[in-house]
Structure formats: structure tokens, C-alpha cells
Amino acid sequence: MKRVFLSGAGMVTSLGTSLEETWQGLLEGKSGVRYMEDWKSLKGLSSHLGAPAPDVDIRSIPRTVRRTMSRMSQLMVHSTLDALAKANLDLKTIDPTRVAIIMGSTTGSPQTYKEYFFKAYEVGGPEGQLGTSFFKVMNHSVASNVASALDFCGPVLAPSSACSTSSQAMVMGWEYIKSGLYDIVIAGGADELHHTSCEVFDIVFAASKKYNDTPQMSPRPFDKDRDGLVVSEGAGVVVMESADSMRARGVAALGEVLGGAFGCSGAHMSKSDTEAMMGIIRQSISRAASENEKPRYVNAHATGTFQGDQAEVEAIHGVLGSETYVSSLKGHLGHSLAPCGAIEAALSCKMMNEGLILPTRNLVEVSPECDLVQHVKEPLPVVFSTAVSTNFAFGGFNTSLFLGRSPDC
């Protein structure tokens with residue numbers, strides 16, 4: 001079986017418009033969470049916290065392509081171009097049948113949905129609608145807009161599974177490359193910040209609301225005072241390649257995908273299933289092509305919800321024991337939904353290469369039911385060569401990636 005490496009990564013997060021900017025913000029312990037002034041007037045919404053991303057400059061993209069892009073497609077194109085540049089990859093020089101794009105979003109653009117349907121109800125029909133609106137609200141809008149921006153004519157897939165979207169894309173990419181079907185897969189996800197995303201979690205009591213007056217104190221993964229997640233936005237893209245493909249260009253790897261797995265618990269639409277989580281983590285490790293050391297670190301999905309954080313810690317402990325280092329980046333970044341898997345996988349590889357585990361922001365006192373592993377509260381210098389990155393979504397969609405340090409480190 002072929003080995004699969006990450007040759008490039010691009011991202012937009014609440015802390016920056018690249019992996020490097022995001023990494024620097026994480027090193028400085030920054031929070032991307034803000035009080036969303038416009039949300040306080042929304043009836044029935046208790047949480048007024050969000051983590052918006054910076055704007056990106058897309059003027060270099062021709063207007064004929066740009067006009068069909070919502071904000072999340074703009075963020076995705078920016079991140080994809082950055083990832084390709086980092087990988088020193090010009091797709092025009094590659095056989096398109098050997099390359100696949102796999103990327104998606106939770107839904108189409110919420111902001112465009114709102115504008116479209118408000119206008120439709122106001123005038124009683126489609127009068128005055130823009131012809132480009134539909135291309136912003138398709139479930140495959142992100143993938144199709146990226147393909148259009150790249151003038152790409154190869155295979156494109158558009159998974160849509162909310163918080164596990166981009167990690168599912170990465171698992172599929174790993175499977176396709178190691179099987180020899182493709183040499184290169186560009187995988188990722190994107191979502192834009194909108195109050196309707198927060199409302200979904202608020203209605204099921206999963207959004208943080210105690211910290212509206214002190215926004216940067218939330219979310220609080222694993223903490224005894226956690227009260228829910230904070231929705232953010234962004235995009236995350238990784239370029240995945242076979243060793244032969246990457247080495248042909250002399251590119252250094254960011255990391256290696258050793259294994260991966262995704263599956264559905266089928267038990268409950270919103271309640272986490274510890275046994276199913278354990279099964280996916282085990283499977284991602286066991287599917288690795290060769291024997292590797294037991295992972296010393298887990299970059300946890302942990303969003304700051306009471307039940308979800310507890311179930312995940314129990315799963316990690318059940319598979320890897322009590323000595324495993326664990327942290328979540330959502331205390332810094334918020335929860336970006338579809339892109340979080342690719343973002344966190346790339347940052348996990350960065351941590352391995354730097355020999356530094358980033359801490360869980362806002363973790364002051366570990367909640368008793370979460371005190372089963374080695375939580376990282378401060379930056380921790382430690383040499384480690386394998387890590388697990390987990391992501392879990394509504395509907396019991398569970399994913400796990402088993403990652404390795406760059407062989408060049």
C-alpha cells in the first residue's frame with residue numbers, strides 16, 4: 001500500500017488567514033471569540049458569541065468566477081490556493097484523472113439562503129432574484145466553486161456531514177491514494193458564520209450563553225464551568241499525496257496520514273456514543289499500513305459541551321489509557337464546523353514537527369468526569385511522532401485520523 005503525505009495546507013480561522021498566522025495566534029494564547037452585537041436582538045437566542053474569521057482578498061480571481069461565490073467559497077478558494085502554493089503544485093501540469101478534489105460544507109451559504117428567501121417572501125415570487133444565488137446555496141457549492149476557480153476538470157466529491165466533513169474528506173483521500181486510484185487529493189471544508197448556525201446549537205442547549213459578557217472565557221473544553229460551544233467560521237484545506245508524487249517535486253512533507261476511519265453510531269441524532277467513538281479511534285490506528293508507536297497525543301474534537309466532552313474523554317481513555325496527552329483547539333478558535341477536521345489535522349502535524357503540544361484554552365479546572373487523561377493546560381514541549389485527531393458530528397458521524405510527524409523532522 002502507498003504511503004500518504006500532507007504536502008501543503010491552507011486555512012482561514014478566527015485567528016488568521018493561513019496556517020502560519022493561526023499557529024502564531026495559538027502560540028500567543030489568543031482567542032478568536034467575540035460578542036456578536038447583531039445577535040442580541042434575535043428573539044429566543046441565548047448565546048451571542050461567535051468567532052468570525054478575517055476577510056480575504058480574492059481580487060485576483062476573475063469576476064466571472066467570483067460572482068458565484070458566497071463568503072465560505074471565497075474562504076475556501078483562498079485556502080486552496082495557499083495549500084497548493086505551499087505544496088509547490090501546479091495542477092495544470094498534472095494528469096487530471098490522477099487528482100481528486102474532496103471538500104464540502106455543512107449547508108449552502110446561510111447568508112444567501114436568508115437573502116434569497118426574504119426577497120421571495122417579500123415579493124411573492126422569484127422577481128428580482130440574482131441568477132447567481134443558486135450557485136451559492138448548493139450543497140456542493142464550495143467544491144464546485146473551487147473547481148471553477150482552478151479550472152479543474154477531474155473528479156470532485158462534496159461530502160456534507162457538518163463537523164466531520166473535512167476529516168471524512170481526508171479519510172477518503174487517504175483511502176484513494178493508498179489504493180493507487182489517485183496520486184493527489186485536495187481535501188477540506190468550509191463554513192461561514194451566521195446566527196442560524198448558533199441557533200441550531202442553542203435550541204438543543206449546546207451553545208455557550210453564560211459568557212456573553214466575557215466572550216474570551218468561552219468555550220471551555222473539559223472545564224468544570226463549560227456550558228457549550230461557540231460557533232466560528234473558516235476554511236481548511238490539505239494537499240494529500242503519494243510519496244512518489246510529492247518527491248517528484250522535491251517538496252517536504254508537513255506530515256503523514258497513517259490511518260483513518262469514519263462511521264455512524266446510528267444511535268442518536270445529537271447524543272455522543274462513547275463505544276462508537278472508541279471503535280472509530282481503534283479502527284483509524286489499526287488501519288495504518290505498518291506498526292507505529294502508540295499515539296502520545298490526541299487533538300480532541302471537544303467543543304465545550306457537557307455531554308460531548310465527557311463521552312470523548314471516556315473514549316480516548318478506553319482506547320489509549322490515562323497517560324495520553326489531550327488538548328482541544330476550540331478554546332482558541334471556536335467551532336468552525338465543516339473545516340475543523342482539516343484545520344486541526346494540519347495543526348496537529350505542525351505540533352509534532354515543532355515538538356510542542358498546544359494547550360486547551362480556558363481549561364482552568366478539569367471537570368471530574370473528564371479527569372481521565374493528561375490534559376494540557378500550558379504549552380508542553382515534548383517530542384512525539386504520532387497523534388490522533390478526532391471529529392464527531394450530529395447524527396453519530398464519527399471520524400478519526402491517525403497522523404505521523406514529517407519524515408524530514
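This is a predicted model: local features need pLDDT of at least 70, side-chain atom pairs count only at pLDDT 80 or more; totals for chains, interfaces and linings use all residues.

Let me start with the helices. How far apart are the axes of helix 10 and helix 11, and at what angle do the two pack? Helix 10 covers residues 274-286 and helix 11 covers residues 306-320. Their axes are 8 Å apart, and the packing angle is about 45°. That angle makes helix 10 oblique to helix 11. As for handedness, helix 10 and helix 11 cross in the right-handed sense.

On the helix 10 side, the contact is made by Thr-274, Met-277, Met-278, Ile-281, Arg-282 and Ile-285. Helix 11 brings Ala-311, Glu-312, Glu-314, Ala-315, Ile-316, Gly-318, Val-319 and Leu-320. Sorted by class, the contact between helix 10 and helix 11 has nine nonpolar residues, two polar ones and three charged ones.

Next, the cysteines. How many disulfides does a search of the whole structure find? The number is zero. Take Cys-163: the closest cysteine sulfur to its own belongs to Cys-340, at 5.9 Å, and that is too far for a bond. A disulfide here would need the two sulfur atoms within 2.5 Å. Looking from the other end, Cys-340 is in no disulfide either, with the sulfur of Cys-163 as its nearest cysteine sulfur.

Are these cysteines buried or exposed? Cys-163 has a relative accessible area of 6%, so it counts as buried. Cys-340 is buried as well, at 2% relative accessibility.

Now the loop residues. Met-69 sits in the loop between helix 2, residues 63-66, and helix 3, residues 71-86. Met-69 is buried, because its relative accessible area is 3%. Which residues does Met-69 touch, leaving aside those up to four places away in sequence? They are Ile-61, Gln-74, Val-77, Lys-136, Asn-145 and Ala-149. Between Met-69 and Ala-345 there is a C-alpha to C-alpha distance of 26 Å, and the two are 276 residues apart in sequence.

The other loop residue is Pro-368. Where is it? Pro-368 lies in the loop between strand 12, residues 356-357, and strand 13, residues 374-375. With a relative accessible area of 67%, Pro-368 is exposed. Along the chain, Pro-368 and Lys-224 are 144 residues apart, while 7.3 Å separates their C-alpha atoms.

That is what I have; I will take questions now.

Definitions and conventions
Residues are numbered from 1 along each chain as its sequence is written. Side-chain values use heavy atoms; hydrogens and water are left out. Axes are lines fitted to C-alpha atoms, for helices over the stretch in contact, and angles run from 0 to 180 degrees between N-to-C directions. Helices (H or I, at least four residues) and strands (E, at least two) are DSSP runs, numbered from the N terminus. Angles under 35 degrees count as roughly parallel, over 145 as roughly antiparallel, 65 to 115 as roughly perpendicular and the rest as oblique. A crossing is left-handed if the near helix is turned anticlockwise from the far one by less than a right angle, and right-handed if clockwise. Contact means heavy atoms within 4.5 Å. Ala, Val, Leu, Ile, Met, Phe, Trp, Tyr, Cys and Pro count as nonpolar, Asp, Glu, Lys and Arg as charged, and the others, Gly among them, as polar. Buried means under 20% relative accessible area, exposed over 50%, partly exposed in between (1.4 Å probe, protein chains only).
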